[in-house]
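Me: I'd like to learn how to read a protein structure, starting from the inside. Could you walk me through it?

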Amino acid sequence: MAVAVLVGAVALGGVEAPAVAAGGHGPRTERVNTAPDGSEAVGGGSFNAAISPDGRYVAFDSEAGNLVPGDDNDGPLVHDVFLRDRRTGTLRRINAPLGPGNADFATISADGRYVAFNAETGGPGQYHVYVYEIRTGRLERADLGMDPGFTGGETPALSADGRYVAFLGRQATVPPANEDLGRVYVRDRKAGTTRRASRTPAKEGRGYDSPRISADGGKVAYRERSRRGGGPGGERDWADIYLADLRTGEQRQIDTTADGRPATSGSTDPLISANGRYVAFNSSAKNIVPVPDEARSYAFVRDVRSGAIRRVDGINGNQYADADAISPDGRRLLLHSYGVEYGLYVKDLRTGKDTLVSPGTDGKPRAATAGPDAMTPDGRAVVFESHLDDLVEGDTNYETDVFLHILRR
């Protein structure tokens with residue numbers, strides 16, 4: 001039975017916030033995970049930031065216990081999900097009505113109306129997926145109507161209007177044949193129906209995770225992984241990327257060469273453009289597009305319409321870079337660079353330009369990580385997390401913090 005909790009209407013008004021808040025138009029970095037009075041987060045780190053397309057809202061989870069009054073579920077590794085309204089300066093703990101359990105991995109719909117997240121409401125380690133309506137504060141459980149034996153959900157992704165929720169479904173009983181690591185489902189919140197999105201495995205020990213959904217809810221990218229390897233690309237092929245077309249039923253492997261040969265090693269972290277045309281992923285396979293022998297991993301982007309696939313090189317020739325996010329039109333990637341040039345960069349795939357978005361106070365790159373909803377559509381605002389204390393002045397809490405970097409308009 002669906003769960004809906006009305007936690008009180010909040011009048012936020014109908015004015016959209018600009019992507020850049022007051023305080024000038026030049027590049028700058030702000031710390032997001034602070035209390036409304038500006039106090040630093042105390043009691044734990046903050047992680048998994050997501051930003052709305054207009055830059056008004058930032059969601060994140062945090063172990064800190066001082067960000068809002070009445071946060072009484074402090075404890076080791078207990079996270080809450082917070083929503084920062086950058087226009088009003090307010091901060092909400094949106095999982096509070098669900099009890100004291102852990103909550104994390106928030107995502108915001110493209111229309112800025114909904115936040116989906118995990119919450120530990122089924123007992124220790126038992127998670128469900130909830131959708132929060134920002135205007136009213138209404139909470140609705142989304143991981144419902146799955147196949148027998150599947151009773152929990154995690155890691156949601158939202159369609160543009162929040163109608164469709166893709167998530168990882170977890171088993172509470174003996175796994176089905178050939179499966180032991182979960183399935184990907186899509187919930188239609190308007191129709192009240194749920195359908196399986198991940199394919200039926202042909203071999204044992206397969207599982208599915210990391211769902212990402214197109215703007216209209218019609219396509220879902222996800223990862224298939226194996227406990228023992230032995231995917232279509234060989235024994236070292238322990239994970240592959242698939243794209244499900246929910247209208248036609250087609251299941252297409254994405255991490256292949258241009259002529260359709262499967263990747264020979266593991267691929268991870270699927271990302272999908274708003275129209276479902278482009279799917280990005282990270283892979284250590286060397287046969288997708290030729291890579292130097294010493295390379296460990298590259299980011300790749302496939303044009304689903306044409307079948308073309310390209311390798312995305314790292315920063316300044318650095319071979320170690322992963323794609324963390326993709327813009328709605330597929331033009332930009334948020335790259336996590338490591339090995340030589342540490343930091344986060346927005347790469348324009350059309351021009352090849354790389355723009356640093358995790359500078360320290362001295363303007364030089366700093367190590368940082370980001371999630372799939374960390375970048376605004378134009379790439380001019382990015383949220384991320386870092387344990388370093390020199391991205392903004394006055395960082396003295398010795399915790400991982402959430403930051404927002406805004407580029408010049």
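Me: How many residues does the largest nonpolar core have, and which have the most contacts inside it?

Reply: Let's begin with the general idea: in soluble globular proteins, nonpolar side chains tend to be buried together. What you see here is a predicted model. Its largest nonpolar core has 30 residues, and Phe60 and Leu334 are the ones with the most contacts inside it.

Me: Which elements give two or more residues to this core?

Reply: They are strand 3 (46-51), strand 4, strand 25 (343-348), strand 27 and strand 28.

Me: What does Phe60 touch, leaving aside residues up to four places away in sequence?

Reply: Contact here means heavy atoms within 4.5 Å. By that rule the list for Phe60 includes Phe47, Leu67, Val81, Phe82, Leu91 and Val402.

Me: Now the strands, please. Which way do strand 4 and strand 5 run, and how many bridges join them?

Reply: In general, strands of a sheet pair through backbone hydrogen bonds, either parallel or antiparallel. Strand 4 (residues 57-62) and strand 5 run antiparallel, joined by six bridges. One place to look is Ala59, whose bridge partner in strand 5 is Leu83.

Me: Where do the side chains of strand 5 point, and are they buried or exposed?

Reply: Asp80, Phe82 and Arg84 point one way, while Val81, Leu83 and Asp85 point the other way, and all are buried. Strand 5 (residues 80-85) is thus mostly covered, with six of its six residues buried.

Me: What joins strand 5 to strand 6?

Reply: Three bridges do, and these two strands run antiparallel. Arg84 has Leu91 as its bridge partner in strand 6. The hairpin of strand 5 and strand 6 has five residues between the strands, and there Gly89 takes a positive phi near 80 degrees.

Note on methods:
Residues are numbered from 1 along each chain as its sequence is written. This is a predicted model: local features need pLDDT of at least 70, side-chain atom pairs count only at pLDDT 80 or more; totals for chains, interfaces and linings use all residues. Side-chain values use heavy atoms; hydrogens and water are left out. Buried means under 20% relative accessible area, exposed over 50%, partly exposed in between (1.4 Å probe, protein chains only). Helices (H or I, at least four residues) and strands (E, at least two) are DSSP runs, numbered from the N terminus. Two strands pair if DSSP finds at least two bridges between them. A nonpolar core is a set of buried Ala, Val, Leu, Ile, Met, Phe, Trp, Tyr and Cys residues joined through side-chain atoms within 4.5 Å.
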